[in-house]
Amino acid sequence: MEVGNYIPVSFTSVVGQQMEHVIAGYLRQVWAMSGRLYEGQHGFRPGYSSESQVVTVCQDIVDSLEDGVKTDAIIIDFSKAFNLVPHDRLLMKITATGVYLRVVVWVKEFLLGHSQRVRVDGQLSEKVKVTSGVPQGRVLSPLLLLANVNNVW
């Protein structure tokens, strides 16, 4: 039984979820005003979707073909990306974007101090300290993933 093969799930209160919405809205606003989010990123952004991403990519390919430009494609699988975000690096990136220090401290508290273990056939594994990843199913997690993937700084 390997603890690293399992996805952590986190539950939080309604008040905690509301605070996540406030923090996420603030980060989006700061990063949008400073142009720190890559415009080509469509996932997890208001007004964007996977459909808008497909349309944009197809239009870029058509434009390149019409201009006689060779087009190459690289496809990256980010299926486990939520689990691989190192907390310390993410916090450094967020700090470097100029957000209020109180927000960085809040995000730090949101991420740090967690442990996980799994139960298989009635047996509990030992607790393991969580040093990377963002909790799935949380309001703030997709934005933190974007901050890591887009190299926001």
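Let's start with a word that will come up again: two residues are in contact when they have heavy atoms within 4.5 Å of each other. Take T131, which sits in the loop between β4 and α5. Leaving aside its neighbours within four places in sequence, T131 is in contact with P86 and H87. P86 is 45 residues away from T131 along the chain, yet their C-alpha atoms are separated by 6.5 Å.

Before going further, a note on what you're looking at. This is a predicted model, where local features need pLDDT of at least 70 and side-chain atom pairs count only at pLDDT 80 or more, while totals for chains, interfaces and linings use all residues. Residues are numbered from 1 along each chain as its sequence is written, and side-chain values use heavy atoms, with hydrogens and water left out.

Now the overall layout. The protein has five helices and four strands; these are DSSP runs numbered from the N terminus, with helices being H or I of at least four residues and strands being E of at least two. Starting at the N terminus, the order is α-α-α-α-β-β-β-β-α. Among contacts with a separation of 6 or more, 70% are between residues 24 or more positions apart.

What about inside and outside? Buried means under 20% relative accessible area, exposed means over 50%, and partly exposed is in between (1.4 Å probe, protein chains only). Of the 153 residues in the protein, 31% are buried. The protein exposes about 10400 Å², and carbon and sulfur atoms supply 57% of that. Those areas come from the Shrake-Rupley method with a 1.4 Å probe, and for residues only the protein chains shown count as cover.

Next, look at helix α5 (residues 141-149), where you'll find S141. S141 counts as buried because its relative accessibility is 1%. Apart from its neighbours within four places in sequence, S141 is in contact with F82, F110, V134, P135 and Q136.

In the loop between β4 (128-129) and α5 is R138, while E20 lies in helix α1 (residues 14-33), 118 residues apart from it. The side chains of R138 and E20 meet in a salt bridge, at 2.8 Å from N to O. The term stands for a side-chain nitrogen of Lys or Arg within 4 Å of a carboxyl oxygen of Asp or Glu. A search of the whole structure finds one salt bridge, and both R138 and E20 are buried.

D121 counts as exposed because its relative accessible area is 79%. Although D121 is not a glycine, it has a positive phi of about 50°.

I61 counts as partly exposed because its relative accessibility is 36%. Together, V57, I61 and L65 make a nonpolar surface patch of about 260 Å². Patches are made of residues with over 30% relative accessible area and no salt bridge, joining like charges within 9 Å and nonpolar side chains (Val, Leu, Ile, Met, Phe, Trp, Tyr) within 5 Å.
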